[in-house]
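Let's take a walk through this one together, going from contact to contact. Keep the viewer open and click along.

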Amino acid sequence: GEIFFFLLTMFAVVAAASAFVGPREGTLLWRATPRHSLSTSVMHMHAGVLTRREFAASLMGMAVMPALLPVEVLAESTLVTRQQAYSRYVPRIERGRDYWSTGLKKAIASGDWGTIKTALEKKGSIDRIFGPMELWASSYSSKTISPKTLEMNAAIDELREAAADLQAAASGTEAGGGMFSFITGPKKMDESKRITLANAAYTKGVSAINTYIDLGNDGLGMQFTQLDTID
């Protein structure tokens, strides 16, 4: 029993030494003031004194400390990632929200279909909101997709559906058109129907944007400014 305890003691001393010894080859150099104070047993180890209780405490300390450090690093990394995502994507989301609530609303009211078509084109005022929305939603996930990201993505899908309805209203044509549509061309949509469809799409888009923003604001943290929804 004493021999076994001696061997275990030597193993603990070598393990502790590997954590505190500098890189100088062939020489064991203890740090005068160790930065990682596991317990008072470490100080006794410097003097060559180690009781059974201190031996157990030192092993526990060496086992627990490495497990704690990655958690702190991960938490700091997650916060930095969220701060970067917020700074990069939220201003672009807010610009898209503002266009939807002002520029688009005005264009629908005046029947300015050309402006709406341009906004829906690639890199247009409406199209530009989708990329930042997806990227900010993904910042709430890590190795697996979180429920919050899934909910935010569902709101984005709803906004895409609203944009598709806007596209139909702006084009002024209805899908289908009958078996002879290849001869007569697509069926034109009367102006009142276009406006009705566009207004419904606008309302649907407002709901989708507000849902997305409410999800993003939930648990955002005091270090971030919450986004405003559309009235």
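What follows is a tour in running text, with the cut-offs given along the way.

First, some housekeeping. This is a predicted model, so local features need pLDDT of at least 70 and side-chain atom pairs count only at pLDDT 80 or more, while totals for chains, interfaces and linings use all residues. Residues are numbered from 1 along each chain as its sequence is written, and side-chain values use heavy atoms, with hydrogens and water left out.

Let's start at Q84, which sits in helix α3 (residues 52-110). Helices here are DSSP runs of H or I with at least four residues, numbered from the N terminus. Q84 comes out as partly exposed, because its relative accessibility is 47%; the scheme calls a residue buried under 20% relative accessible area, exposed over 50%, and partly exposed in between, using a 1.4 Å probe and protein chains only.

S139 itself is in the loop between α5 (130-138) and α6 (147-171). Is S139 buried or exposed? S139 is buried, since its relative accessible area is 14%. Its side chain reaches the backbone oxygen of W136 at 2.5 Å, a polar contact (N or O atoms within 3.5 Å; within protein, one able to donate a hydrogen and the other to accept it, with residues adjacent in sequence counting only if both atoms are side-chain atoms). Setting aside residues up to four places away in sequence, S139 also touches R82 and A85, where contact means heavy atoms within 4.5 Å.

That brings us to α5. Its buried residues include F130, P132, M133, W136 and A137. They lie on the same side of α5, because they cover an arc of only 165 degrees around the axis, the arc being that of the directions from the helix axis to the C-beta atoms. As background, an α-helix has 3.6 residues a turn, so residues three or four places apart point the same way.

At 2% relative accessibility, W136 counts as buried. Which aromatic partners does W136 have? Two to look at are Y140 and Y212. The count of aromatic pairs comes to 4, with Phe, Tyr and Trp rings (for Trp, the six-membered ring) pairing if their centres lie within 6.5 Å; planes under 30 degrees apart are stacked, over 60 edge-to-face, and the rest tilted. The rings of W136 and Y140 have centres 5.7 Å apart and planes at 65 degrees, so this pair is edge-to-face. Y140 is buried too, at 16% relative accessibility. Step back and you'll find Y86, W136, Y140, Y212 and F224 forming one aromatic cluster.

Neighbours within four places aside, N217 is in contact with Q226 and L227. After α8 comes G219, with a positive phi near 70 degrees.

Finally, the charges. How many salt bridges does the structure hold? There are 5, each a side-chain nitrogen of Lys or Arg within 4 Å of a carboxyl oxygen of Asp or Glu. One of them joins K204 and E161, with the closest N and O atoms 2.8 Å apart. Another joins E174 and K193 at 3.2 Å, N to O. E174 belongs to the loop between α6 and α7 (181-184) and K193 to helix α8, so this bridge ties together parts 19 residues apart in sequence. R97 and D98 also meet in a salt bridge, at 3.0 Å; R97 is buried at 10% relative accessibility, whereas D98 is partly exposed at 37%.

Conventions
Helices (H or I, at least four residues) and strands (E, at least two) are DSSP runs, numbered from the N terminus.
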